[in-house]
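Student: I would like to go through some of the labels used for this model and ask what each one rests on.

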Amino acid sequence: MVDSKVPSEDLLSHKWDRVISNFVVKTGLGLSAGIVASALLFKKRSWPIAITTGWGFGVAYADAQRVFHPHHVPGVQFEKKKPTV
């Protein structure tokens, strides 16, 4: 008989992997967009880099909140079911 249940440690590990990879990707994209905007549009000032990196971090943080606390997402409803034996 094959056990189809996934241990909670594996679920938590997958969530952390997703959150960390999202943080790296979205913050990196914000940083690179800020560097490009700073070089091309704003005469090499540093504030676009800070703003877009912070924006990427904020988006990654909001996604992490959604991953770890899905009941806080507007419009999502969870139904409680009685356990079956």
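Student: Where is alanine 33 found, and what makes it partly exposed?

Tutor: In this predicted model, alanine 33 sits in helix 1, residues 8-40. Its relative accessibility is 40%. Buried means under 20% and exposed means over 50%, so alanine 33, at 40%, counts as partly exposed.

Student: How many aromatic pairs are there?

Tutor: The count comes to three. One of them joins tryptophan 16 and phenylalanine 68.

Student: Why is the pair of tryptophan 16 and phenylalanine 68 called tilted?

Tutor: The ring centres are 5.0 Å apart, and a pair needs centres within 6.5 Å. The planes stand at 55°, which is neither under 30 degrees (stacked) nor over 60 (edge-to-face), so the pair is tilted.

Student: How do you know that this pair links distant parts of the chain?

Tutor: Tryptophan 16 belongs to helix 1 and phenylalanine 68 to helix 2 (residues 47-68), and they are 52 residues apart.

Student: Why is the pair of phenylalanine 23 and phenylalanine 57 called edge-to-face?

Tutor: The angle between the planes is 85°, and over 60 degrees counts as edge-to-face, so the label applies. The centres are 5.4 Å apart. Phenylalanine 23 lies in helix 1 and phenylalanine 57 in helix 2, 34 residues apart.

Student: Are phenylalanine 23 and phenylalanine 57 buried, partly exposed or exposed?

Tutor: Phenylalanine 23 has 36% relative accessible area and phenylalanine 57 has 44%. Each value falls between 20% and 50%, so each residue is partly exposed.

Conventions: Residues numbered from 1 in each chain as written. Predicted model: local features only at pLDDT ≥ 70, side-chain atom pairs only at ≥ 80, totals over all residues. Heavy atoms only, no water. Helix = DSSP H or I, 4+ residues; strand = E, 2+ residues; numbered from the N terminus. Buried < 20%, exposed > 50% of the residue type's maximum accessible area, 1.4 Å probe, protein only. Phe/Tyr/Trp six-rings, centres within 6.5 Å; stacked < 30°, edge-to-face > 60°.
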